[in-house]
Amino acid sequence: MYPHERSLVARMKDKPFTILGVNSDSAKRYKTAIKENEITWPSFWDGGKTGGPIATDWAVRGWPTIYILDTKGVIRYKNTRGKAMDEAVDALMEEL
Amino acid sequence: MVSKFIPLTIAMMIGFHPVASIAQDTSGPTISKIIETHEDAVEVLYKKMRGKSREEQQKLYEAEYPKPDQAIESITALVLANPGGSASLDGIDWLLRYSGQKGVNPALYNVLETHHLHSEKLQAIVLKMARSRTPETQNFLTTVSEKSKIKDARGAAILSLMKRIERDKEKEDEHTALSKTLFAEHADLIINGRNVTKSIKAKREAEEKLAIGKVAPEIIGKDVDGKEMKLSDYRGKIVVLDFWGDW
């Protein structure tokens, strides 16, 4: 997960793109994780548990769950990972 | 010498094969006895499996699980011989637990329709039919949903009809029509103390809000240091919204 996300972030540097996390770890664990895995993108912190308020609002039942939104905030893809995630982001970038 | 043993043998045969006594209305105690014997045997196996490794449990299960075939056959025969009897519904209820996708003997649906369509116990029965894929099940559930005088059974029948086609993309329209009826006529369908209609509705609404093509609902939250952040702050950027955890 992390290496792929890091390379996507690197490739999209200087482009209108961000990964935005919603993290369900304890605060301590989250802070360790971002340090150890060089996570540079922002995350909401969802209260330290999987049943946090944001995950509940978004009916998340499995982790990770991924939504890809376009620049207008419209949901365009769900649970696309790996290569498919790269292709989805590229396709949205081409619309700009 | 030999002749002395014959009556004993016959008595044993009757004792071990309850089907032999279906002529009288003894189906009640006999059905419950067969169920009890089977469930006891299962319980004995589960006790043996407790505390064992997964592999050992698997082995034990494969070697010793009491096959329900004989009990299924006997109970089916007893129910058919005395369809209106008090134990008939309990027998069918048990048979449904062991029936899976193939459903129970088709004749049993006639028994249910003719003798038990307005029984208070029908809700539990129709709920167990969600897994069965046979046309007999489909027809019976439809009949219950339209004709049973028991409201909870009608609602549960709709629920089972919905569950059977939940993942079938081709039957989406049918599913929508059923859910409309459920929401309109069974808004307070309680199963195991839970209002199922309400939770199905809530889930549906959440799914609709989060469908592809919809504007993502706003998120207002904080980062781990307590600094406020909003999803809408990122308008103008392509956002990979990633619900994650480091585990």
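Entry 1: I found A:Glu38 in the loop that runs between helix H2 (27–36) and strand S2 (43–45) of chain A. Is A:Glu38 buried or exposed? I counted 10 other C-beta atoms within 10 Å, so A:Glu38 is exposed.

I located B:Asn192 in the loop between strand S1 (190–191) and strand S2 (194–195) of chain B. B:Asn192 counts as exposed because it has 6 C-beta neighbours inside 10 Å.

**Entry 2: a cis bond.** Which residues does the cis peptide bond with omega of about -5° join? They are A:Trp63 and A:Pro64. I placed A:Pro64 in the loop between helix H3 (53–57) and strand S3 (65–69) of chain A.

**Entry 3: the cores.** Next I went inside. The largest nonpolar core has 34 residues, and B:Ile75, B:Ile92, B:Leu108, B:Val126 and B:Ala157 touch the most other members. Several helices of chain B each supply at least two residues of this core, including helix H2 (27–49), helix H4 (69–81) and helix H10 (172–185). Which helix gives the most? It is H9(B), with seven residues.

I then picked out B:Leu108. Leaving aside neighbours within four places in sequence, B:Leu108 is in contact with B:Thr76, B:Val79, B:Ile92 and B:Leu95. Apart from this core lies another, of 30 residues, and I noted A:Trp58, A:Val89, B:Ile238 and B:Val239 among them.

Entry 4: For the complex, the predictor gives an ipTM of 0.97 and a pTM of 0.66. Chain B averages a pLDDT of 87, and 89% of its residues score at least 70. Where in chain B is confidence lowest? I found it in helix H1 (residues 2–16) of chain B, at a mean of 42, while strand S4 (residues 228–230) of chain B is highest at 97. Over residues 1–23 of chain B the pLDDT is below 50, and beyond near neighbours in sequence this stretch has 15 contacts in the model. A reminder to myself: where pLDDT is low, the predicted coordinates should not be read in detail.

Technical notes
Residues numbered from 1 in each chain as written. Chains lettered and ligands numbered in written order. Predicted model: local features only at pLDDT ≥ 70, side-chain atom pairs only at ≥ 80, totals over all residues. Helix = DSSP H or I, 4+ residues; strand = E, 2+ residues; numbered from the N terminus. Buried ≥ 20, exposed ≤ 12 C-beta atoms within 10 Å, placed from the backbone. pLDDT = per-residue confidence, 0-100. Contact = placed C-beta atoms within 7 Å. Core = buried A, V, L, I, M, F, W, Y, C linked by C-beta atoms within 7 Å.
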